[in-house]
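Thank you all for coming.

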Amino acid sequence: MAKILIVDDDKNICELLRLYLEKEGHTVVLANDGEEALVRFGAENPDIILLDVMMPEMDGLEFTKMLRQIGGDLPILMVSAKALSSDIKAGLRAGSDDYMTKPIDPEEMVLRVKALLRRFQISVEQKITVGDVVLDEQALTVSRGNEVVELPQKEFQLLYKLLSSAGQIFTRQQLMDEIWGMDSA
């Protein structure tokens, strides 16, 4: 499973999140503020970060901006008591991938972590597995067992888009704009 870095100055919240995530089989590393999180990040190489916004030393917004500037692209889920729309926008603008407000529902948090990890894994590997079928974005191939089929680029992109966004609905125009481009007739 994943290695998760939880950064929060509230030890009770850290323990609650740790319990739920370890129950799912994840390894959890804790940090109390952004500065400690930078040290843990370098030493532990986590797969995802759960991050409070309001912390001493370095807050979550500063930490996220710094991480993004140095090229860190792993998923960040901000968890904060700041619930105004402007706070959420600030967190997303800083570079977080998702934002939850406290008090959190631990089960929802686990589901969000799974979703972020799934999307990040797809973007890193550029492969999607559905049952015994594998789509490889680099090779533009769809394979099942020993059978490999090469698809035309647009057909592959359409199939890849739909399978990487399972459960999401797209309009014809959205797909046309993304796959064929906004200038296509």
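Predicted model: local features only at pLDDT ≥ 70, side-chain atom pairs only at ≥ 80, totals over all residues.

**The sheet and its helices**

Let me begin with strand 1 (residues 3–7) and strand 2, which run parallel and are joined by five bridges; helices (H or I, at least four residues) and strands (E, at least two) are DSSP runs, numbered from the N terminus. Valine 7, for instance, has alanine 31 of strand 2 as its bridge partner.

Residues are numbered from 1 along each chain as its sequence is written, and side-chain values use heavy atoms, with hydrogens and water left out.

The open sheet has five strands in the order 2-1-3-4-5, with parallel pairing, where two strands pair if DSSP finds at least two bridges between them. At its edges are strand 2 (27–31) and strand 5 (98–101), each of which pairs on one side only.

Helix 1 (residues 11–23) packs on the sheet and touches strand 1, strand 2 and strand 3 (48–51), contact meaning heavy atoms within 4.5 Å. Helix 2 (residues 34–44) lies across strand 1, strand 2 and strand 3.

Finally, which residues of helix 6 are buried? In helix 6 (residues 153–164), they are Phe156, Tyr160 and Lys161, buried meaning under 20% relative accessible area with a 1.4 Å probe, protein chains only. These residues lie on the same side of helix 6, because they cover an arc of only 130° around the axis, taken from the directions from the helix axis to the C-beta atoms.

How values were computed: Axes fitted to C-alpha atoms, helices over the stretch in contact; angles between N-to-C directions. Expected span 1.5 Å × (residues − 1). Buried < 20%, exposed > 50% of the residue type's maximum accessible area, 1.4 Å probe, protein only.
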